[in-house]
Amino acid sequence: DGLIYPLEPRLDIYSYLRLLRDPTIALARCLMVAPITLVPIIVQVEPDAPEGAEELIQTQIIDRKDTWMKLALEGCIDFGWTAFENVYEYNKKLDIVELKKSKQLLHEITYLRANPYTGDFAGIMQDNIITGERVYLDQNKVQLFNFDQRGSNWYGNSILDNAILPSRRW
């Protein structure tokens, strides 16, 4: 199934939550996320652009940017990566397939998958916490953000990991 696991064991959820309550870490996370989420995206429409292109970019990307960037950055800071499940829907009026919603996946129950031959990102596997079944999503249904990713280590490197050792002395 191409599952890959983080190279190092990650923080257990209770230690992670304790770290997030630390005022210095909370402030640092806010200061890292704020500048990127506050920068506006400006769309310039070319004269030969298809009708409705500007509106499509506005509704599909720009209107979602702040939420995507905040959640993606916080996930990358905390875990080194974050993933979203993309749900699409056919728009009859425009005769296109649009992004209906993008749902952030929980790190605790989500594992990344890679092509065993090439190392390319292949999607995710998630343990369904209600049924216990495994759910697989291919890469075309997932948006993956990672921080300091090297080679096929799609999990990236968490900035919050730098606080783990000092926090054990608190």
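Is Asp148 buried, partly exposed or exposed, and what is its relative accessibility? At 38% relative accessibility, Asp148 counts as partly exposed; buried means under 20% relative accessible area, exposed over 50%, and partly exposed in between, with a 1.4 Å probe and protein chains only.

The structure is a predicted model, in which local features need pLDDT of at least 70, side-chain atom pairs count only at pLDDT 80 or more, and totals for chains, interfaces and linings use all residues. Residues are numbered from 1 along each chain as its sequence is written, and side-chain values use heavy atoms, with hydrogens and water left out.

**View A. Asp148 has a positive phi.** The phi angle of Asp148 is near 60°, a positive value in a residue other than glycine. Most residues other than glycine have a negative phi. Asp148 sits in the loop between strand E6 (142–146) and helix H4 (164–167). Helices (H or I, at least four residues) and strands (E, at least two) are DSSP runs, numbered from the N terminus.

**View B. Lys65 and Asp66 form a salt bridge.** A salt bridge is a side-chain nitrogen of Lys or Arg within 4 Å of a carboxyl oxygen of Asp or Glu. The closest N and O atoms of this pair are 3.2 Å apart. Asp66 is partly exposed, at 43% relative accessible area, whereas Lys65 is buried, at 10%. A search of the whole structure finds eight salt bridges.

**View C. Lys103 and Glu85 form a salt bridge.** Their closest N and O atoms lie 3.3 Å apart. The pair links distant parts of the chain, with Lys103 in strand E2 (residues 96–104) and Glu85 in strand E1 (residues 81–91), 18 residues apart. Lys103 is partly exposed at 39% relative accessibility, and Glu85 is buried at 19%.

**View D. Asp138 and Arg113 form a salt bridge.** The closest N and O atoms are 3.8 Å apart. Asp138 belongs to strand E5 (residues 134–138) and Arg113 to strand E3 (residues 110–114), so the pair ties together parts that are 25 residues apart in sequence. Asp138 is partly exposed, with a relative accessible area of 42%; Arg113, at 11%, is buried.

View E. Ile25, Arg29, Val33 and Thr37 of H2 are buried. An α-helix has 3.6 residues a turn, so residues three or four places apart point the same way.
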